[in-house]
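Here are my notes on this entry, point by point. Please read them with the model open.

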Amino acid sequence: QVQLVESGGGLVQAGGSLRLSCAASGRTFSSYAMGWFRQAPGKEREFVAAITWNGSRQYYTDSVKGRFTISRDNAKKTVYLQMNSLKPEDTAVYYCAAGTISARISDYAYWGQGTQVTVSS
């Protein structure tokens with residue numbers, strides 16, 4: 001069992017940066033791949049980035065490649081999403097999730113409550 005709590009969201013101007021954090025509780029955090037997803041108003045939840053259990057590989061959706069970086073610290077039971085060069089279209093609620101390395105929502109068993117990111121133009 002893993003409980004996830006996101007933080008770090010907020011309001012930022014286009015071109016700015018934010019760093020999201022996702023703190024986990026539970027003893028098995030390091031055994032899970034971690035993912036970040038987002039959901040904009042009126043749209044379906046979509047994959048943003050994922051990282052393997054040991055941090056050796058990262059995956060990104062095309063629209064954030066070169067701008068976002070996912071990382072994790074297993075000792076701190078925390079996964080991060082560094083977001084640079086933010087665009088208004090990045091505005092969404094961002095969720096972290098624990099599961100099997102994948103871009104599919106169904107492959108993640110545990111989810112946080114989400115944190116709002118708003119990018120103004």
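**Notes on the predicted model**

1. Start at a cysteine. Cys22 has a relative accessibility of 0% and counts as buried. Cys96 is buried too, also with a relative accessible area of 0%. Keep in mind throughout that this is a predicted model.

2. The two cysteines belong together. Cys22 and Cys96 form a disulfide, with 1.9 Å between their sulfur atoms. The count for the model comes to 1 disulfide. The link of Cys22 and Cys96 is right-handed, with 45° about the S-S bond. Cys22 sits in strand β3 and Cys96 in strand β9, so the bond ties together parts that lie 74 residues apart in sequence.

3. Next, the overall make-up. The protein has 11 strands and 0 helices. The C-alpha trace spans about 40 × 25 × 25 Å along its principal axes. Of the 121 residues, 42% are buried. Take the contacts between residues at least 6 apart in sequence: 56% of them join residues at least 24 apart.

4. β7 (residues 68-73) and β8 (residues 78-83) pair in the antiparallel sense. The pairing runs over 6 bridges. Phe68 stands opposite Met83 in β8. Ile70 has Leu81 as its bridge partner in β8.

5. Which residues of β7 make up its covered face, and which its uncovered one? Phe68, Ile70 and Arg72 are on the covered face. Thr69, Ser71 and Asp73 are on the uncovered face. In a regular strand, side chains alternate between the two faces of the sheet. Note that the covered set includes an arginine, Arg72.

6. The turn is worth checking. β7 and β8 form a hairpin with 4 residues between them. Lys77 is found in the loop between these strands. Its phi is positive, about 55°, although Lys77 is not a glycine. Lys77 is partly exposed, at a relative accessible area of 28%.

7. A second residue other than glycine has a positive phi: Ser85, near 50°. Ser85 is placed in the loop between β8 and β9 (92-99). With 40% relative accessibility, Ser85 counts as partly exposed. I would look at both backbones in the display.

8. The largest nonpolar core has 28 residues. Those with the most contacts inside it are Leu4, Trp36, Leu81, Met83 and Tyr94. At least two residues of this core come from each of β3 (18-25), β4 (33-39), β5 (46-51), β7, β8, β9 and β11 (115-120). Another core, of 5 residues, lies apart from it; Phe37, Ala50, Ala97 and Tyr108 are among them. In soluble globular proteins, nonpolar side chains tend to be buried together.

9. What does Leu81 touch beyond its neighbours within four places in sequence? Leu81 is in contact with Leu18, Arg19, Leu20, Trp36, Val48, Ala49, Phe68, Thr69, Ile70 and Tyr94. Ile70, its bridge partner, is one of these. Trp36 and Tyr94 are also listed with Leu81 among the core residues with the most contacts.

10. Last, a leucine on the outside. Is Leu11 buried or exposed? Leu11 is exposed, at 65% relative accessibility; the cut-off for exposed is over 50%. Leu11 is found in strand β2 (residues 10-13). Not counting residues up to four places away in sequence, Leu11 touches Thr118 and Ser120. Leu11 and Gln116 are 105 residues apart in sequence, yet 8.3 Å apart in space, C-alpha to C-alpha.

Conventions
Residues are numbered from 1 along each chain as its sequence is written. This is a predicted model: local features need pLDDT of at least 70, side-chain atom pairs count only at pLDDT 80 or more; totals for chains, interfaces and linings use all residues. Side-chain values use heavy atoms; hydrogens and water are left out. Buried means under 20% relative accessible area, exposed over 50%, partly exposed in between (1.4 Å probe, protein chains only). Two strands pair if DSSP finds at least two bridges between them. A nonpolar core is a set of buried Ala, Val, Leu, Ile, Met, Phe, Trp, Tyr and Cys residues joined through side-chain atoms within 4.5 Å. Contact means heavy atoms within 4.5 Å. A disulfide is a pair of cysteine sulfur atoms within 2.5 Å.
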